[in-house]
Amino acid sequence: MTEMAPPRILPVGDCAVSVQFGEIVDLSINARVLALDRSLTAAALPGVVEMVPTYRSLLIHFDPLQISAAALETAIHRCLVEGAPSGTAASEGRQWQVPVGYGGEFGMDLSDLAGRHGLSEEAIVATHSSATYHVYMIGFAPGFAYLGGLPERLKTPRRSEPRMLTPAGSVSIGGAQSAVASVPLPSGWHMIGRTPFASFDPSRDPVFLFRPGDVIRFTAIGPADWYSLAGRLQRGEIVPQPEGRCA
Amino acid sequence: MDPVSLRIANRLAGSSDGAAALEVGGPGVELLVDADVVTISAAGPDMVWRIDGVSVAPNASRTITRGATVTLRPGRGAVYLYVGVHCGIDVPHVFGSSSFHVRSGVGGLAGQPLAVGDVIPVKARSSPELELDGSLVHHADDSVIRVIEGPQSEHFSPAAWETLLSTPYRISARSDRMGVRLEGSTLTHTDKGYNIVSDGIALGSIQVPGNGQPIVLGADRQTTGGYPKIAVIARADMFRFAQRPPGATVRFQSISAEQGADALRRLVGYLDRLVLRSALPVLNSERLLGLNLIDGGVWE
């Protein structure tokens with residue numbers, strides 16, 4: 001294994017710092033983020049308000065009246081040197097088959113996206129639903145699952161102006177990422193489909209369906225199946241379940 | 001969105017800093033008291049309120065009784081006012097907060113914003129009537145907002161940074177608790193572009209999507225996002241920024257993170273030294289008869 005570059009510690013205003021391990025979607029970078037998250041959580045520093053692990057950086061919200069940025073930076077370096085407590089998120093990863101209605105009323109941007117890439121809608125759906133995706137992080141909105149593993153030829157820059165509202169359950173593409181949305185949201189991503197699975201339900205335990213380290217595959221379903229499944233899920237007749245743990 | 005006015009509203013109501021209160025935007029609200037007695041407060045820049053049609057001093061608390069009607073309106077040059085209730089509004093804590101998050105429907109009353117006819121649960125208790133001694137800290141030059149260079153400054157040319165600091169930006173009407181959109185000179189990305197692999201977002205982050213028009217992320221912001229952030233508003237100025245109404249302009253001024261922390265320390269010092277004075281009660285026979293003095297329910 002090659003020597004890894006030390007992370008950059010970037011101020012994010014006066015009440016947060018970002019520890020940036022890289023700028024790309026990469027499993028080993030994500031593993032280092034999650035490791036620092038665990039060691040700083042274990043350190044329980046006074047003045048650290050909240051931590052947000054992402055694909056490639058850890059955002060640390062802090063109260064500068066309780067801990068100075070310099071003291072926090074020293075603590076971060078100590079955690080980086082000492083390494084993380086044992087146990088990795090990936091070892092608890094589960095496998096999911098997630099049903100998706102692609103295009104039409106479910107994915108308003110599918111035809112536009114097909115045009116951009118010079119592919120048929122069917123080819124986009126086949127490519128998107130044949131890949132295996134890793135859940136890198138939960139963020140943006142409650143339960144919103146950010147996925148890595150988008151096939152290279154589906155990479156698409158975000159819309160230049162975000163939409164004010166997109167539906168819950170949207171499956172979308174933004175840059176090199178794909179995602180499953182949880183609640184209605186503004187978004188600059190391309191909406192290619194929608195799942196009837198609720199990835200966030202405040203009345204369910206756990207409230208989030210997916211966890212970082214989980215693996216997702218999408219299955220294309222037609223409108224009739226989509227509505228039938230949505231109805232059964234809503235009535236509580238079925239509950240989304242993972243297929244099993246990853247090896 | 002304006003934690004300073006919220007804190008002042010809670011202090012005026014004799015409540016703890018974290019007590020649940022109402023944030024009132026738009027044209028305002030009318031409340032009908034359906035409790036024997038309650039002390040309520042109102043705070044916000046240039047706010048206006050009346051009890052049974054009688055004008056009340058801004059940034060004050062009053063003890064009122066069943067049947068009273070309270071009308072409240074945010075200041076014309078502001079966006080929000082805050083209504084505190086003695087002992088706080090009685091809502092359950094969800095994920096450690098009594099706030100309501102509109103987009104996810106989490107918290108608050110019945111998972112929805114307040115609507116006409118809703119009942120706001122309070123404890124029927126009173127505390128002394130108070131007024132803020134002096135004016136709100138908001139009345140410093142509200143149009144100058146201090147910022148700290150953001151974590152993706154490399155996605156912008158020096159010219160874009162210069163533009164952000166030297167030209168005015170207007171608050172768009174397409175703004176809410178999640179994001180305040182700004183309209184002004186276009187901020188151009190370098191060839192690193194306007195897509196980043198999503199990272200965390202701090203309160204007050206100024207993200208710039210591909211159209212070059214900045215968006216300031218507010219209290220209900222997303223936790224993570226993928227547009228580059230050119231700057232972050234100093235925490236000590238965020239409450240003033242949040243009170244700038246649509247159509248108003250702001251100018252940004254660059255400071256360091258250390259200077260931001262110092263400014264925050266001074267703001268917290270101001271809040272710690274807040275002087276609240278007793279409201280001089282206007283006693284007339286109607287008011288005396290209206291208060292239930294016999295069982296001591298007014299002054300604890």
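User: Which residues of helix 2 (residues 158-166) of chain B are buried?

Analyst: This is a predicted model, in which local features need pLDDT of at least 70, side-chain atom pairs count only at pLDDT 80 or more, and totals for chains, interfaces and linings use all residues. Residues are numbered from 1 along each chain as its sequence is written, while chains are lettered from A and ligands numbered from 1 in the order in which they are written. A residue is buried if 20 or more other C-beta atoms (placed from the backbone) lie within 10 Å of its own, exposed if 12 or fewer, and partly exposed in between. In helix 2 of chain B the buried residues are B:Ala160, B:Thr163 and B:Leu164.

User: Seen down the axis of helix 2 of chain B, within what arc do its buried residues fall?

Analyst: The arc is that of the directions from the helix axis to the C-beta atoms. An α-helix has 3.6 residues a turn, so residues three or four places apart point the same way. The buried residues of helix 2 of chain B line one face of the helix, because they fall within an arc of 100°.

User: Which strands are included in what covers the buried residues of helix 2 of chain B?

Analyst: Helices (H or I, at least four residues) and strands (E, at least two) are DSSP runs, numbered from the N terminus. The face of helix 2 turned away from its buried side carries the exposed residues B:Pro158, B:Ala159, B:Glu162 and B:Ser166. The cover over the buried residues of helix 2 includes, from chain B, strand 17 (229-233) and strand 18 (249-254).

User: Which residue of chain A is in contact with B:Gly225?

Analyst: B:Gly225 is found in strand 16 (residues 224-225) of chain B, and it counts as buried because it has 26 C-beta neighbours inside 10 Å. Two residues are in contact if their C-beta atoms, placed from the backbone, lie within 7 Å. Leaving aside neighbours within four places in sequence, B:Gly225 is in contact with B:Ser198, B:Ile201 and B:Gln207, and also with A:Phe140.

User: What is phi of A:Phe140 near?

Analyst: A:Phe140 is found in the loop between strand 6 (133-138) and strand 7 (145-148) of chain A. With 25 C-beta neighbours inside 10 Å, A:Phe140 counts as buried. Most residues other than glycine have a negative phi. A:Phe140 is a residue other than glycine with a positive phi, near 65°.

User: Is B:Asp52 buried or exposed?

Analyst: The place of B:Asp52 is in the loop between strand 4 (48-51) and strand 5 (54-56) of chain B. Its phi is positive, near 50°. Because 12 other C-beta atoms lie within 10 Å, B:Asp52 is exposed.

User: Is the peptide bond from A:Asp205 to A:Pro206 cis or trans?

Analyst: A:Pro206 lies in the loop between strand 12 (190-194) and strand 13 (215-220) of chain A. Most peptide bonds are trans. From A:Asp205 to A:Pro206, omega is near 0°, and the bond is cis.

User: Which element gives the largest share of the side of chain A that touches chain B?

Analyst: In this pairing, 41 residues of chain A are in contact with 30 residues of chain B. The elements of chain A giving two or more residues to that side are strand 1 (8-11), strand 2 (16-20) and strand 4 (57-62). The largest share, 3 residues, comes from strand 4 of chain A.

User: How far apart are the C-alpha centres of domain 1 of chain A and domain 2 of chain A?

Analyst: Domain bounds come from an automatic or database domain assignment. For chain A the assignment gives domain 1 (8-90) and domain 2 (93-240). In chain A, 10 residues of domain 1 are in contact with 11 residues of domain 2. The C-alpha centres of these domains lie apart by 28 Å.

User: What is the radius of gyration of chain A?

Analyst: The radius of gyration is taken over C-alpha atoms, and the globule rule is 2.2 Å times the number of residues to the power 0.38. Chain A has 5 helices and 14 strands. For its 247 residues the rule gives 18 Å, and chain A is as compact as a globular protein of that length because its radius of gyration is close to this, at 19 Å.

User: What is the radius of gyration of chain B?

Analyst: The secondary structure of chain B comes to 5 helices and 19 strands. For 300 residues the globule rule gives 19 Å, and chain B is as compact as a globular protein of that length because its radius of gyration is close to that, at 21 Å.
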